[in-house]
Amino acid sequence: MKHLSDLFSKYSTAVTVGIFLIAIAFGQSLLAQDNEGSDVVENDDYEGVLEEVVVKGFRASLLQSVALKREAVNSRDSIVNEDIGKMPELNLAEAIQRVPGVAIAREGGEGRNISLRGLGTQFTRVTLNGMEVPSSVGGLDSSGGVNRGRTFDFNVFSAELFNRIDINKSPTASIEEGGIAGTVELYTARPLDLPGFRATVSGQLGYNDLSEKTDPRLTATISNTNEDETFGWLLSAAYTERTVYQDGFGTVRWALPDRDFAANNILDGVDLREIWFPRLPRQDSFRHNQDRLGLSGVLQFRPSDDLEMGFSLVHSDFNADVDAYNSFAQFRRNAGWGYPAITPNSVTLDNGGDYAVAGNFDGVGLRTESRQQADETQFDQYVGDFKYTLNDSWTMSGMIGRAESNFKEEYFRVNIEAFEGTNFSYDFSGDPNVAAIAYDIDITDPANYWIMGNERIRQYGVDRTNDTARLDFEWLVDESNTLRFGGIYNDREVDSKQSECSSCTDQTDVTGLGKLFTYSDIGGYGSNGTELDFWVLDFPAAIAAYGVGEYALSAGPGVATWTVTEETLGAYVDYDWNGELAGRQLRVNMGVRYVQTDLKAVGYLDASTPLVESNDYDNLLPSLNIAWNATDDLVLRGSLSRTMTRAGLSSLAPSKAYGDVNFTVSGGNSQLDPLEADSIDLSAEWYFSEDAVLAFAWFYKDIKSFISSPSTEEPLRAVDRINVANIYPTQPELLDPSLIWTYSSPTNSDGTELQGFEIAYQQAFTDLPGIFSNFGFLGNYSYVDADTEVVRSGQTVTVPLEGMSKHSWNATLYYETDNYGARIAVNNRDDYVTDNTGSNGNVAHGTSGPTHVDLSAYWHVNESWTLTFEGINLTDESERLYTTGDGTLNLVREYNNTGRQFFFGVRINW
């Protein structure tokens with residue numbers, strides 16, 4: 001399997017081109033053939049309504065989604081066929097955000113993770129073709145950086161590779177454990193579901209109005225079956241390039257001054273030590289260059305009505321390079337660090353007297369940061385599965401698979417610093433998100449800078465492997481009773497590595513290594529028009545001068561080198577009863593799931609001394625689902641269940657990390673217990689026509705515990721002074737005994753109660769007269785309420801749950817005829833807390849919830865050719881991150897935008 005993965009990695013471009021050529025060649029050879037017929041979706045998992053669904057166009061796919069929801073015994077939403085890859089969206093996360101209760105977290109203008117019913121991204125479990133899959137990408141510091149946890153990064157995949165997504169909000173015993181919020185099941189297409197020869201090729205050209213760059217998007221699918229429909233094969237490919245400028249302003253949080261000001265802390269009667277100041281007010285620029293290749297292949301055998309076998313392969317190669325430049329004033333380092341203490345000349349406070357809106361200061365350090373991240377994620381999954389009907393009553397099915405996610409990042413970061421402190425002023429009075437800033441030196445003159453010697457030139461790696469084997473049995477006792485039981489084994493490993501550049505030589509002179517970053521080229525940012533050009537490093541020249549090329553593995557305190565291995569063995573019993581209540585159909589599903597988890601975690605005391613810890617636990621997870629057809633059109637549902645989510649992988653590693661930017665000391669804890677929740681789900685669904693539904697759902701979760709990181713504020717402890725001195729030998733100022741550090745470590749803490757409701761409405765207006773019969777609408781609204789308590793410097797503070805937006809909604813209006821159609825989609829979520837671990841005295845960090853408006857349209861030129869158009873972020877929404885100070889404030893942390901994205905394309909069907 002590793003050899004096959006290497007081949008795909010080496011020849012991925014050739015494979016893509018080959019698939020496209022094959023698709024075109026086969027298509028041309030069949031143009032003269034009469035291959036008409038209805039596209040009937042037949043799936044043994046869904047009966048009744050689904051057997052006659054003809055999939056043609058967006059409206060028909062919505063009809064199938066309604067049928068899937070209605071036929072499910074648990075609370076489940078589905079997205080199928082035309083719905084995926086045809087909505088205005090950039091990746092898989094954005095396809096899922098249309099579902100009630102789903103909200104997405106974006107980075108660089110693109111969806112990265114999803115949260116479900118108000119719980120953080122780590123509480124949603126994701127499977128692909130029946131097995132849990134890992135996924136890791138890198139990211140900006142403000143969005144969490146490299147993903148070493150359980151959160152699934154959806155931006156690894158293009159939406160076009162999948163033909164169905166199920167979002168299970170309540171479990172059955174047969175659904176594997178791991179998601180307190182729910183389970184997202186992804187499926188690639190299978191050829192025998194749509195027999196005969198089929199081929200589709202599409203190409204789009206994208207344009208971003210901020211970067212003014214054009215990028216391609218290409219997709220192709222080809223499949224065929226034999227005449228007897230006993231064998232079929234399918235190949236799909238999707239390739240995307242994306243160039244994004246993410247320009248704006250940032251503060252890297254606000255904080256109370258960590259040291260005394262020069263001369264006096266009192267200015268105009270105000271104690272400045274009690275005022276919040278921006279730590280690093282700065283101009284930001286992040287230039288993203290991405291390319292994503294996705295491949296899927298399926299072989300399917302059905303030699304008889306009793307036996308079906310399949311083999312599927314999914315491959316993704318996601319490359320994301322970021323050139324980041326910023327110029328900032330160093331309020332975080334009031335004194336020391338080569339500068340005198342800051343002298344405040346004037347300060348303007350907000351109306352409440354809590355934070356400094358504007359000010360002028362002497363002795364402020366100036367620094368510019370040049371950072372380049374070259375990230376690559378390779379994902380491969382191989383799954384073999386079968387289903388065998390033993391007799392009229394018994395069916396056996398099973399699967400075995402491996403999924404690998406290998407992430408590598410080349411990380412180059414060098415700071416250049418002004419020789420002495422400067423006079424600096426900032427002013428947020430004209431724009432609360434973007435300050436007008438000014439220095440008393442020429443920040444474009446390289447003679448004013450030197451390279452300060454705290455460069456980070458590293459290589460990060462996160463390798464994940466999941467091996468899964470599953471066997472299931474189904475016993476059809478009679479027409480009303482069905483018993484299912486089975487077992488599953490998982491072996492998961494996450495290997496995190498950090499390597500330091502061993503061939504690099506230090507540099508101090510910026511001569512010949514820098515360039516002027518013309519921030520003014522973008523016309524400034526915000527109503528204050530901040531547009532100072534500044535001096536940065538030229539990456540090719542600097543990388544060559546440093547001699548980047550060879551790396552040596554590093555381990556020990558402060559190093560992200562660790563391994564966590566997890567083995568789970570689970571079994572379940574699931575019982576279905578189909579009967580009547582008051583003369584109406586009643587479906588009952590009840591079951592129990594048991595799982596044993598064995599954990600091994602390896603960290604390092606130093607480069608040569610591993611620290612090995614282990615843990616084990618078991619969980620019993622019962623579930624009950626009831627669906628009653630109260631009338632021909634009304635379905636009432638109820639669910640009781642116990643679910644679980646395991647602790648984040650990086651928090652289990654017995655290692656310690658140090659942050660020289662935010663002065664943090666954090667460590668892992670392998671003895672963390674899993675999180676459990678008892679849940680109640682109630683819903684009413686009114687299917688008032690064949691393709692319409694109005695649904696209301698109420699949900700409640702009693703979450704027994706959370707994993708929190710209580711923090712203390714104190715000077716470095718003795719052992720940590722030794723470690724910091726070894727990790728940062730060029731920064732002796734970090735050892736200043738007056739400097740306060742934030743200590744935190746994960747632990748199981750008290751849980752909380754969460755409750756909320758969802759309203760969903762979907763209808764095709766086929767009964768309206770004239771052109772109005774071509775319109776349709778789908779929309780939903782979700783409300784969630786919950787909070788939790790965290791400990792900050794010995795004080796207990798109540799904060800919202802991480803990732804929870806109290807209010808979120810989606811709305812899509814579409815117009816569709818046989819020849820043309822269009823859709824406009826609007827998505828909104830409230831502000832939400834991204835982490836409540838606290839930093840620099842802030843109770844929590846958050847993200848403002850924007851409103852995104854997207855559009856897609858098509859025109860069928862003839863039966864084979866279709867022209868398409870998509871517009872993403874039509875209102876040019878900005879992304880805003882904030883900090884909460886003492887918990888009552890909302891102070892800008894980052895404010896930037898990525899522009900509007902447009903795609904013009906053509907699709908060819910055979």
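# Briefing: contacts, strands and salt bridges

T788 touches F706, D750, V797, T798, V799, P800, L801 and N836, leaving out residues up to four places away in sequence; contact means heavy atoms within 4.5 Å. The model is predicted: local features need pLDDT of at least 70, side-chain atom pairs count only at pLDDT 80 or more, and totals for chains, interfaces and linings use all residues. Residues are numbered from 1 along each chain as its sequence is written, and side-chain values use heavy atoms, with hydrogens and water left out.

- T788 sits in strand β41 (residues 787-792). Helices (H or I, at least four residues) and strands (E, at least two) are DSSP runs, numbered from the N terminus.
- T788 counts as buried, at 9% relative accessibility. Buried means under 20% relative accessible area, exposed over 50%, and partly exposed in between (1.4 Å probe, protein chains only).
- T124 belongs to strand β4 (residues 124-128). T124 is buried too, with a relative accessible area of 6%.
- Apart from neighbours within four places in sequence, T124 is in contact with I114, L116, A181, G182 and V184.

**Strand β18 and its partners**

- Strand β18 (residues 356-364) is mostly covered, with seven of its nine residues buried.
- β18 pairs with strand β17 (residues 343-349) in the antiparallel sense, over six bridges. Two strands pair if DSSP finds at least two bridges between them.
- In this pairing, T348 stands opposite A358 of β18.
- β17 and β18 form a hairpin with six residues between them. G353 in the turn has a positive phi of about 70°.
- β18 also runs antiparallel to strand β21 (residues 422-427), joined by five bridges. Here V364 stands opposite T422 in β21.

**Helix α7**

- D720, N723 and V724 are buried in helix α7 (residues 718-727). They lie on the same side of α7 because they cover an arc of only 100° around the axis. The arc is that of the directions from the helix axis to the C-beta atoms.
- Cover for the buried residues of α7 includes β33 (656-659), β34 (664-667) and β38 (741-744).
- The face turned away from the buried side of α7 carries the exposed residues A718, I722 and N726.

- Most residues other than glycine have a negative phi.
- V252 is not a glycine, yet has a positive phi of about 50°. V252 lies in the loop between β10 (231-250) and β11 (254-255). V252 is buried, at a relative accessible area of 15%.
- D268 is not a glycine either, and has a positive phi of about 50°. D268 is in the loop between β12 (266-267) and β13 (270-271). D268 counts as exposed, at 71% relative accessibility.

**Salt bridges**

- The whole structure holds 43 salt bridges. A salt bridge is a side-chain nitrogen of Lys or Arg within 4 Å of a carboxyl oxygen of Asp or Glu.
- K169 and D77 form one, with the closest N and O atoms 2.9 Å apart. The pair links distant parts of the chain, 92 residues apart: K169 is in the loop between β6 (164-168) and β7 (182-187), and D77 is in strand β1 (residues 76-80).
- K169 is buried at 3% relative accessibility, and D77 is buried with a relative accessible area of 10%.
- D385 and R190 meet in a salt bridge (3.3 Å, N to O). D385 lies in strand β19 (residues 366-389) and R190 in the loop between β7 and β8 (198-208), so the pair ties together parts 195 residues apart in sequence. D385 is partly exposed, with a relative accessible area of 21%.
- D678 and K704 meet in a salt bridge (3.2 Å, N to O). D678 is in strand β35 (residues 675-689) and K704 in strand β36 (residues 692-708), so this pair ties together parts 26 residues apart in sequence.
- D678 counts as partly exposed at 22% relative accessibility, as does K704 at 40%.
- Salt bridges that share partners join K69, D77, R117, K169, D681 and E758 into one network.
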